[in-house]
Amino acid sequence: MKKTDRRLWLVWIALVVGGLLLLSACGGNADEYPQSALDPAGEYARKTDHLFKITLIIAAIVFVFVEGMIIVAVAKYRRRNNDERPKQTHGNTVLEIGWTMLPALVLAVLTVPTLSLVFELADVPDTSDRTVPIASLGAEEPLEVTIIGHQFWWEYQYPQLGIQTANELVIPEGETVVTNVTSVDVIHSFWVPRLAGKQDAVPGREVPLLIKADVTGEPTTYYGQCAEFCQLSHANMRAHVVAMPAADFDQWVQEQQQLAAAPTGGDAAAGRDLFFGTGTCSGCHVLWDDDHAPMDADGNPAVDPADRSMIRTMAGPNLTHLFSRDRFAGDIFELNSQNLHDWIRDAPAQKPGSIMPYFENLTDGDIDDIVAYLETLK
Amino acid sequence: MTAATAPTTVAAPKTGLHRPTAETGFWSWITTVDHKKLGIMYAVTALVFFVLGGLEVLLVRLQLAQADGNILTASQYNQLFTMHGTTMVFLVVMPIAAAFGNYLVPLMIGARDVAFPRINALGYWTFLFGGIFLTSSFFLGGAPDCAWVCYAPLSTGTYPASAGVLAGTHYLGSGVDFWALGILFTGIGSLTGAINFIVTIFNMRAPGMDFMRMPVFVWMMLIISFLLLFSIPVVTVPLIEVVYARHFDATFFDASVGGDPLIYQHLFWIFGHPEVYILILPAMGIVSEVLPTFSRKPLFGYSFVVFSGAAIGFMGFGVWAHHMFTSGLGPMGVAAFSVATMFIAVPTGVKIFNWLGTIWGGSLRMSTQCSSPSGLLRCLSSAGCLV
């Protein structure tokens with residue numbers, strides 16, 4: 001074998017191996033890549049993905065053609081000897097007008113599906129064709145959720161249902177959910193790639209974003225990540241959406257609408273005293289129980305959860321049903337008593353930039369009591 | 001007045017500094033107003049910042065090379081990726097264009113120097129000062145940590161959560177001030193350079209060189225000079241507003257009192273998108289000069305290449321909001337800017353085809369100088385498809 005042949009073989013092997021490596025990155029499934037926009041799991045995400053694939057195919061054809069022409073030109077018209085004098089041309093107007101108009105035409109065609117999707121994604125559909133009734137909602141009423149970005153976690157308010165929760169967004173499957181995205185501090189971006197595109201959370205604005213998850217017949221989790229740089233723990237600002245069958249959703253709503261029960265004795269009762277007293281937890285966290293009931297518009301304790309018109313946005317999450325959630329602190333820590341203890345002891349050490357401070361006045365025993373109380377909040 | 005009182009006989013004024021006369025050595029570089037020397041100084045300075053920007057991103061990449069990496073703290077990481085972006089855009093790619101422009105434009109149009117040599121020198125020194133000022137923030141309380149776009153209200157720090165008992169936990173240091181002022185300084189350098197190029201190219205071309213006989217590189221420098229002239233003042237506004245918000249409690253971007261954070265994004269990107277073309281058009285000009293030379297064939301369709309460059313310049317001011325598609329413009333805004341963004345691809349495509357036409361039927365010598373333009377051709381076409 002000649003030396004040049006061997007080199008050529010090496011180039012081929014490198015190309016094939018490299019190409020296979022690249023292709024292997026395209027494989028995988030939802031378990032391995034839970035945040036892939038290329039694996040949509042809802043109507044709106046699927047529409048966006050469809051447009052992306054149309055564009056990709058057209059772009060790939062253009063790419064192969066142009067790239068091929070470049071390679072051919074560079075190979076065919078390389079200088080073979082130094083005395084060559086190629087024919088001198090200054091251009092060809094017909095040809096040039098052609099290659100101006102042709103891309104413009106291709107783009108004009110591509111504009112049609114793009115624009116129709118842009119307007120489609122902004123249209124709130126009616127829900128009269130709802131197949132499975134949702135007891136918590138009126139027949140023609142889409143579920144509305146206000147999504148509020150905080151440094152560094154997401155708050156969710158369900159104004160029709162009087163529910164306030166955090167990090168874990170619970171929705172009925174197969175239903176269009178109209179979310180309104182906003183923020184209380186800096187700009188964040190709510191992004192659950194398998195369900196919908198990004199929507200920035202801009203202070204002072206409530207921007208609608210439609211979300212819909214496929215019907216799977218069981219509670220299914222979709223993961224998300226804050227997508228606008230928001231300072232120290234931007235990377236630790238995660239979220240997940242749980243899409244449930246209508247019956248499960250109704251049950252979840254009923255549980256979330258309950259007020260917390262005050263423990264009657266033991267560590268948990270001491271913890272409750274600390275929570276609302278010297279622990280100052282209630283300075284930043286909402287917790288609804290009989291003594292701290294949510295109010296209606298007139299300032300009286302709301303009897304019907306739907307009358308809880310004055311849900312307050314505080315610096316920290318609503319903890320009324322803390323242990324109904326899987327994770328906490330921006331969806332990054334598993335919710336268990338050890339993690340909760342470490343967090344309350346020194347939150348900034350657990351998560352850079354955490355607004356929850358180190359509490360000098362709390363002993364480890366105090367924190368154990370608070371954790372015991374929080375564990376009762378199912 | 002007679003010939004006896006010619007200016008040469010007038011004695012130099014006794015006050016003030018002597019006109020510097022060194023032609024070689026250290027002082028010749030410090031005091032020079034020569035366009036070629038300033039061009040070299042721009043290039044060397046840009047290369048120094050290039051190394052710095054590379055080191056910054058090297059640390060970022062090292063941190064990312066393993067899960068839960070602990071090479072950098074969260075704050076250091078934010079500072080380094082912010083400084084990497086800022087350095088590469090404002091202190092590397094922009095001055096490289098100024099370097100080529102300064103060195104080549106007067107030579108290519110047959111002028112002895114640029115129209116305002118002293119302002120040219122002022123521009124360089126302002127840019128250098130701005131760059132040093134920006135970089136010095138590492139040693140003076142921490143570099144900016146607001147990402148290279150430095151969106152408000154993150155950069156202004158005047159959002160409710162930072163108030164009262166919570167202040168101090170995630171306070172942005174003085175880095176943002178260094179960022180805003182540093183970019184202002186380099187902006188002064190860019191503006192003076194832009195005016196200089198426009199005046200030079202309009203007034204100092206050799207006899208007989210009309211606009212449609214100008215080298216394409218000179219055309220592209222003229223176009224980016226106009227882009228700079230119209231876009232730098234726009235970015236100056238939010239930069240100053242950020243400084244005012246941080247130090248004088250101005251509330252331009254504070255939604256709780258009627259300000260709007262999106263105003264910052266609009267103003268930034270009305271500059272920021274033309275900036276993309278400010279960075280690429282000089283390179284396109286260079287490709288349009290190198291390919292004909294190495295193919296031994298004139299540029300294919302000179303006027304198409306020139307006018308597509310001008311079209312990019314004009315359209316570049318009409319696509320800024322495609323950087324804000326997720327910020328909640330509403331479907332009408334998104335639709336309008338989608339269409340504008342798609343069609344700005346047309347003039348870019350025209351250039352690629354014209355370069356291809358230049359090589360086609362030529363005698364291409366693939367030297368080092370020529371492989372980078374053909375590489376750019378390939379990069380651009382693949383990037384264009386991805387977009």
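Student: Is A:Cys230 buried or exposed?

Tutor: In this predicted model, A:Cys230 is buried, with a relative accessible area of 0%. Buried means under 20% relative accessible area, exposed over 50%, and partly exposed in between, with a 1.4 Å probe and protein chains only.

Student: And what is the nearest cysteine sulfur to A:Cys230?

Tutor: A disulfide is a pair of cysteine sulfur atoms within 2.5 Å. For A:Cys230 the nearest cysteine sulfur belongs to A:Cys226, 3.9 Å away, and A:Cys230 is in no disulfide. A:Cys284 is in no disulfide either, with the sulfur of A:Cys281 nearest at 9.1 Å. A:Cys284 is partly exposed, at 29% relative accessible area.

Student: How many disulfides are there over all chains?

Tutor: The count is one. It joins B:Cys146 to B:Cys150, with 1.8 Å from S to S. The link of B:Cys146 and B:Cys150 is left-handed, with -65 degrees about the S-S bond. B:Cys146 counts as buried at 1% relative accessibility, and B:Cys150 counts as buried at 1% too.

Student: Before we go on, what are the ground rules?

Tutor: Residues are numbered from 1 along each chain as its sequence is written, and chains are lettered from A and ligands numbered from 1 in the order in which they are written. Local features need pLDDT of at least 70, side-chain atom pairs count only at pLDDT 80 or more, totals for chains, interfaces and linings use all residues, and side-chain values use heavy atoms, with hydrogens and water left out.

Student: How do I read the area buried between chain B and chain A?

Tutor: The size of an interface is often given as the accessible area lost when the parts come together. Buried area here is that loss for two parts (1.4 Å probe), summed over both. Between chain B and chain A it is about 5,700 Å², and carbon and sulfur atoms give 70% of it. B:Arg296, B:Phe353 and B:Trp360 supply 12% of the area that chain B buries against chain A, more than any other three residues.

Student: How many residues does the contact take from each chain?

Tutor: Contact means heavy atoms within 4.5 Å. Chain B gives 65 residues and chain A gives 62 residues.

Student: Which side chains meet in a salt bridge?

Tutor: A salt bridge is a side-chain nitrogen of Lys or Arg within 4 Å of a carboxyl oxygen of Asp or Glu. The rule finds one across the interface of chain B and chain A. There, the side chains of A:Arg205 and B:Asp260 meet at 2.6 Å, N to O.
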